[in-house]
Amino acid sequence: MICDTGRMVRKPKASGPGGPGISPSEALRQDVAVYVAAGGDESVQRVISAVHGLARRLNQWYDRQLADLDISAGEWAVMSTLVRDPGGKGCTPSQLADAANVAPSSMTHRLDRMVARGLVTRATDPENRVRVRVMLSEDGWELFRSAIRESDMLESDVLASLTAEQRSRLADLLEVAITGLDNLDP
């Protein structure tokens, strides 16, 4: 609902970002104005709305990319966890379930599908014969690399209008904001 000369009217459905004929930047300005009118701080709302809008649009693109690669978001979570394994020994299914915030039984089914597709391997942990370790296969690694290279092209295009110095400064500022958010967690 929006206020039109003192009366509440239903806002027309958007045909694209921001509605019919409205650019994404104009839609962002309208969103900020609404939040400020509701009592939000304009400088805060400009940043948060911009970050949220960018993240939402990138996530839409990433979802399409994963669908094109025939990878679910859950499978991507497993792959990205495995590539960050610091010891290179693989992860247990329980560790992967915790990282993906799913039940261990759901992770078992996910891993079964990924093993069948050749994306991951399972092997007995040599240090503890009752434990299983999951590792990214060579095919899984190549698929991960391909997805990252494709994403990097889009992400580079998104940031193309910024100089290297501006990108560095933006990254620094966002890292400070993330640290501030981390400090708010109980």
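Colleague: In which helix is Gln65 found?

Modeller: Gln65 belongs to helix H2, residues 42–68; helices (H or I, at least four residues) and strands (E, at least two) are DSSP runs numbered from the N terminus. This is a predicted model, in which local features need pLDDT of at least 70 and side-chain atom pairs count only at pLDDT 80 or more, while totals for chains, interfaces and linings use all residues. Residues are numbered from 1 along each chain as its sequence is written, and side-chain values use heavy atoms, with hydrogens and water left out.

Colleague: Why is Gln65 called buried?

Modeller: Buried means under 20% relative accessible area, exposed over 50%, and partly exposed in between (1.4 Å probe, protein chains only). Gln65 has 4% relative accessibility and therefore counts as buried.

Colleague: What does the side chain of Gln65 reach?

Modeller: The side chain of Gln65 reaches the backbone oxygen of Ala147 at 2.8 Å. Leaving aside neighbours within four places in sequence, Gln65 is in contact (heavy atoms within 4.5 Å) with Ala147, Glu150 and Ser151.

Colleague: Are Glu75 and Arg117 buried or partly exposed?

Modeller: Glu75, at 5% relative accessibility, counts as buried, whereas Arg117, with a relative accessible area of 36%, is partly exposed.

Colleague: Why does Asp125 count as buried?

Modeller: Asp125 has 3% relative accessibility, and therefore counts as buried. Its side chain meets that of Arg131 in a salt bridge (3.0 Å, N to O), and Arg131, at 31%, counts as partly exposed.

Colleague: Which residues touch the most other members of the largest nonpolar core?

Modeller: Val78, Met79, Leu82, Leu96 and Val120 do, in a core of 20 residues. A nonpolar core is a set of buried Ala, Val, Leu, Ile, Met, Phe, Trp, Tyr and Cys residues joined through side-chain atoms within 4.5 Å. The largest share of this core, four residues, comes from H3.

Conventions:
A polar contact is a pair of N or O atoms within 3.5 Å; within protein, one must be able to donate a hydrogen and the other to accept it, and residues adjacent in sequence count only if both atoms are side-chain atoms. A salt bridge is a side-chain nitrogen of Lys or Arg within 4 Å of a carboxyl oxygen of Asp or Glu.
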